[in-house]
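Welcome! Please take a moment with the sequence and the 3D view, and then we can walk through them together.

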Amino acid sequence: MNSYSMQKKIVKVGNISCGADQLFLISGPCVIEDESIMMRTAEHLKKVTEKLNVPLIFKSSFQKDNRSSTKYYNGPGIEEGLKVLQKIKDQFGFPLLSDIHYPDQVAAAAEVLDVIQIPAYLCMQTDLMVTAAKSNKVINIKHGQFIAPENMIKPVQKCLDNGNDQIILTERGYTFGYNDLIVDPRSFYHLNQTGYPVVFDITHSIRKYGIPSADPNGGVREFLPVLSKAGVASGVDGIFVETHPEPSTALCDAASQLCVFDLEEFLKPLLEIHDIEVKYRK
């Protein structure tokens, strides 16, 4: 049985058909920063995605609750963060994605977001998953670094048991040894077997755990091209690339975000590879 022997569910996010034959993009700064940075990023994302005809879901976190130190910036919080995201939606028309960490964040998030994201570390938290599912929003579940990819059917089933089949699954690498992440192409096969759209989070996959993200050694950007091409060739439906106008100054994941002004050239080979993969997938 191959990855496409079953009918994949099409999940609608705004006007985007996730799981159809067109590659889609999830992109934006890792965490919500100064409004001028956010708008500058969104403006360039608009130009690039319109030029290349790539559907975009804008992503940025109002809270990063898994920072390795309380001294590190963890976002503006849900109230101020959602205001910024709403302004981006109003001005640029992008559907929005952000992550939640607690069940009591779901109601407010659902008023603004088109996609509620479950962080990888929290993908097995039942109360969080159930509350998110009951919002009837699209749920993007990130593959936990600690579980086999085929076991992602467990959080999927929690959503289904609570009446929500609007599900996307995102691969972001998993722990291999100490402080390192590995992307195994077999994961894309297993995630595709669930029948739901699959996204590859490329920029989080190159993080080096244990090293602050502000340290240039905290990410291995030289692997971005090879990993992204491997993922798209393996049959993902979307790619997740965090972008920033000046990554070295970013307040989170500075060592792994892609400069938004490099995004166009980064996407071009991926779109060509995707077209070939789609041609031969059936």
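## Starting with Cys 18

In which strand does Cys 18 lie? Cys 18 belongs to strand E2, which covers residues 16-18. Helices (H or I, at least four residues) and strands (E, at least two) are DSSP runs, numbered from the N terminus. This is a predicted model, in which local features need pLDDT of at least 70 and side-chain atom pairs count only at pLDDT 80 or more, while totals for chains, interfaces and linings use all residues. Residues are numbered from 1 along each chain as its sequence is written, and side-chain values use heavy atoms, with hydrogens and water left out.

Cys 18 is buried, with a relative accessible area of 0%. Buried means under 20% relative accessible area, exposed over 50%, and partly exposed in between (1.4 Å probe, protein chains only). Beyond the neighbours within four places in sequence, Cys 18 is in contact with residues including Phe 24, Ile 57, Ile 168 and Pro 197; contact means heavy atoms within 4.5 Å. Asn 164 is 146 residues away from Cys 18 along the chain, and their C-alpha atoms are separated by 16 Å.

## The protein as a whole

Now for the wider view. The protein has nine helices and 13 strands. Its radius of gyration is 17 Å, close to the 19 Å that the globule rule gives for 282 residues, so the protein is as compact as a globular protein of that length. The radius is taken over C-alpha atoms, and the rule is 2.2 Å times the number of residues to the power 0.38. Along its principal axes, the C-alpha trace spans about 50 × 40 × 40 Å.

Of the 282 residues, 57% count as buried. Among contacts with a separation of 6 or more, 70% come from residues 24 or more positions apart.

## Helix H1 and the residue after it

Helix H1 runs over residues 35-52. At 1.5 Å a residue, its 18 residues should span 26 Å, and the end C-alpha atoms are 26 Å apart, which agrees. That expected span is 1.5 Å times one less than the number of residues.

Which residues of H1 are buried? Among them are Met 38, Ala 42, Leu 45 and Leu 52. The buried residues of H1 pack against strands E3 (24-28), E4 (56-59) and E12 (238-244), and against helices H2 (78-92) and H9 (263-281). Just after H1 comes Asn 53, with a positive phi of about 60°. Asn 53 lies in the loop between H1 and E4 and is exposed, with a relative accessible area of 57%.

Most residues other than glycine have a negative phi. Asp 253 has a phi near 55°, a positive value in a residue other than glycine. Its place is in the loop between E12 and strand E13 (258-259), and Asp 253 is buried, with a relative accessible area of 7%.

In helix H4 (residues 126-133), the residues Leu 128, Met 129, Val 130, Ala 132 and Ala 133 are buried. Their cover includes helices H3 (106-112) and H5 (153-161), along with strands E6 (115-118) and E7 (138-142).

Is Ala 20 in a strand or in a loop? Ala 20 lies in the loop between E2 and E3, and at 24% relative accessibility it counts as partly exposed. Not counting residues up to four places away in sequence, Ala 20 touches Ile 10, Asp 237 and Arg 281. Gly 235 is 215 residues from Ala 20 along the chain, with 11 Å between their C-alpha atoms.
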